[in-house]
Structure formats: C-alpha cells, structure tokens
Amino acid sequence: MSLSDYLFTSESVSEGHPDKVCDRISDSIVDAFLSADEDSRVAVETLATTNRVVLAGEVRGPESVTTEVMIEKARQAIRDIGYEQEGFHWKTAQIDCHVHEQSVDIAQGVDSAGEKDLGAGDQGIMFGYACNETDELMPAPIQFSHRILRAMAADRHSGKAPQFGPDAKSQVTLRYAGGKPVAATSVVVSTQHAEGLTQDAVRELVLPYVESALPEGWMPPADEIYINPTGRFVIGGPDGDAGLTGRKIIVDTYGGAAPHGGGAFSGKDPTKVDRS
C-alpha cells in the first residue's frame, strides 16, 4: 500500500459525554463574564462525577458574576444538555465553586500599559488548516463522526428520539485512495439509552443516523458497524465516568489529522491564545 492509500480513524463525543459536560459548564461561565464585561479574564475548570460538580480557576471581571451566578450557570448548562437522572440531575447536583481572583502576576503579563500591547495569557502552540474533504472544510473522519452525534442529539432534544440518553460516542474509519477519502470501512457508535431497550433495538435506532452522515454508497459492511458493542448503556454521563474540562482536545480540533499543541479551548477568555 502506498503512502497515499491508507485507513484513518477519528472519534467524536456528544454534548452529554462527561468531559463535554465539563467543557459546556466552563464555557457557560466564560459567557457570563464576557456578557457582563468584554474585558473579563477567565480561566475556569470543571470536574463532574456522580451528582457533583466542582468549579475551580481564576477570574477577573465584574462583581455581578458572583459564586451564586456561576453555580446557577452550571445548573443551566446541565439542564440544557438534558441530564435529569438519579445519578446526575441539574436540580439536585451538589455544585461547589472554588473560583477566585486572577493572580496579579498573571495580570501584569496580559494587561496593556503605556507602550505595551495587550499580552497573551500564556504561551502556546497551535495547528490548523482547511481542507476540501467536506463542505465544512474539515477532515472527513472527524466531520462524519460529529454529524452522527449532532443529528442524534437534535432528535433527542426535539422529542423525535426520546430513547437516546445525552451520553454518546462515535468513531468513523475511512479508506483513503490517492490521498482522498473514498469509503467508510467501519463505524462505531455507543449511545446511552432508555432502560429496557435491547441491543438490537438500539442498533435499529442508530443505523439511520450513520447512513445519513456518510456520502451515498459509503456505508461499510453490516459486520463492520458496531452499535453499543459492549452491550447495555443506561448509566451514563458523569454518573458513569468522571469528566474534566479540556480532556477532548483532539475531538475539538482535527480528530488526529493534525498535530496538537496540547492547549484546550473551553473555560478560557480570548486572551488565552489556544482559544483565540
């Protein structure tokens, strides 16, 4: 096989994946600060586990964004994702906030003063490019993985597919010929689901989303489509596995198709260069 003929795999995760829940919460706090003052400085991390959320980090912004406001923003984020489970519920989860004032040492490196321009909040290495594999100008494996989960989430929120839970993952492997994607060789989708559904029933629900995400004629053989391959998936989200902000940086970028400098997006204001 030549260097231009190969298989490439990328994964995506849904908004209800434990790490993505944390990303969403951290970003909701960034939004709260920037909405109140566009010059706010925010670096907030989130930890989520069974019915508990911990917020930590440094901020500099308006006093109107209090601890109580941050806790309420976290609850709203969890509610918007759709978590109303016994082990993780937006209304009953214990939320602890340990966010404090930004270090003056960091502030002096960021603030503009005299002839000094606004500085970056940290050093960083960023990679990125546009490619013509998809209309979104993103590599096809990661984009198709995203499409599957976005469509499933949309139907869950609309009520069209109430059997799905918020937590899900997808993985798409494409075959490249002459450096261009030509077909899918395998697809994996694992989704949280309602109690009582069989694995066959979940497979029947998920298959149309896989088919609609891929170009016509690209579906892999039936025995290379893996739907909930480990079986039952009722307990999900932070109740099933702890989550952290910034732990899905490859999902957030190019799905492994480009190098990554290590920086995460979520929880940061635009002076953090990995975000801007």
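I began with a sheet: four strands form an open sheet in the order β6-β3-β2-β10, and the pairing is mixed. β6 (94-101) and β10 (243-244) are the edge strands, and each pairs on one side only. Helix α1 (residues 18-36) packs on this sheet and touches β2 (41-49), β3 and β10. The direction of α1 makes about 150° with that of β2.

I noted the ground rules next. The model is predicted, so local features need pLDDT of at least 70 and side-chain atom pairs count only at pLDDT 80 or more, while totals for chains, interfaces and linings use all residues. Residues are numbered from 1 along each chain as its sequence is written, and side-chain values use heavy atoms, with hydrogens and water left out.

Helices (H or I, at least four residues) and strands (E, at least two) are DSSP runs, numbered from the N terminus. Two strands pair if DSSP finds at least two bridges between them. Contact means heavy atoms within 4.5 Å. Axes are lines fitted to C-alpha atoms, for helices over the stretch in contact, and angles run from 0 to 180 degrees between N-to-C directions.

I looked up how β3 meets β6. Strand β3 (residues 52-60) pairs with β6 in the parallel sense, over eight bridges. I picked out one partner: A56 is bridged to H98 in β6. Helix α2 (residues 67-81) lies across β3 and β6, and runs at about 130° to β6. Between β2 and β3 there is a loop that holds N51. The phi of N51 is near 50°, a positive value in a residue other than glycine.

**Entry: the other sheet**

I turned to an open sheet of four strands in the order β1-β7-β8-β9, again with mixed pairing. β1 (6-13) and β9 stand at its edges with a single partner strand each, so one side of each is left without a neighbour in the sheet. Neighbouring strands here are turned by 15° against each other on average, direction ignored.

How do β7 and β8 pair? They pair in the antiparallel sense, over eleven bridges. I checked two partners in β8: S170 is bridged to V189, and L174 to A184. The hairpin of β7 and β8 has two residues between the strands, and G178 takes a positive phi near 65° there.

On to β9. β8 and β9 run parallel and are joined by three bridges. V189 stands opposite I227 in β9.

Is S190 buried or exposed? I found S190 in strand β8 (residues 180-193). Its relative accessible area is 19%, so S190 is buried (buried is under 20% relative accessible area, exposed over 50%, partly exposed in between, with a 1.4 Å probe and protein chains only). β8 is mostly covered, with ten of its 14 residues buried.

Leaving out residues up to four places away in sequence, S190 touches D167, A168, K169, N228, P229 and F233. I followed N228 from that list. N228 sits in the loop between β9 (225-227) and β10. Its relative accessibility is 3%, so N228 counts as buried. The phi of N228 is near 45°, positive in a residue other than glycine.

**Entry: E195**

I moved past the end of β8. E195 lies in the loop between β8 and α5 (199-213). With a relative accessible area of 58%, E195 is exposed. Beyond its neighbours within four places in sequence, E195 is in contact with R232 and V234. E195 and V234 are 39 residues apart in sequence, yet 6.1 Å apart in space, C-alpha to C-alpha.

**Entry: the cavity**

On a 1 Å grid over the protein atoms alone, a cavity is a set of points where a 1.4 Å probe fits but cannot get out, and lining residues have an atom within 4 Å of a point. Grid points are joined across faces, edges and corners, and a volume is the space filled by probe spheres set on the points.

The count is one cavity of 30 Å³ or more. The largest cavity holds about 50 Å³ of space. Which residues line the largest cavity? They are S14, L149, M152, A153, R156, F164, G165, P166, A168 and T191. α4 (140-158) and β7 (164-177) each supply at least two of the lining residues. The lining divides into six nonpolar, three polar and one charged (Ala, Val, Leu, Ile, Met, Phe, Trp, Tyr, Cys and Pro count as nonpolar, Asp, Glu, Lys and Arg as charged, and the others, Gly among them, as polar).

Note on methods
On a 1 Å grid over the protein atoms alone, a cavity is a set of points where a 1.4 Å probe fits but cannot get out, and a pocket is an open set with protein on both sides within 12 Å along at least five of seven lines; lining residues have an atom within 4 Å of a point.
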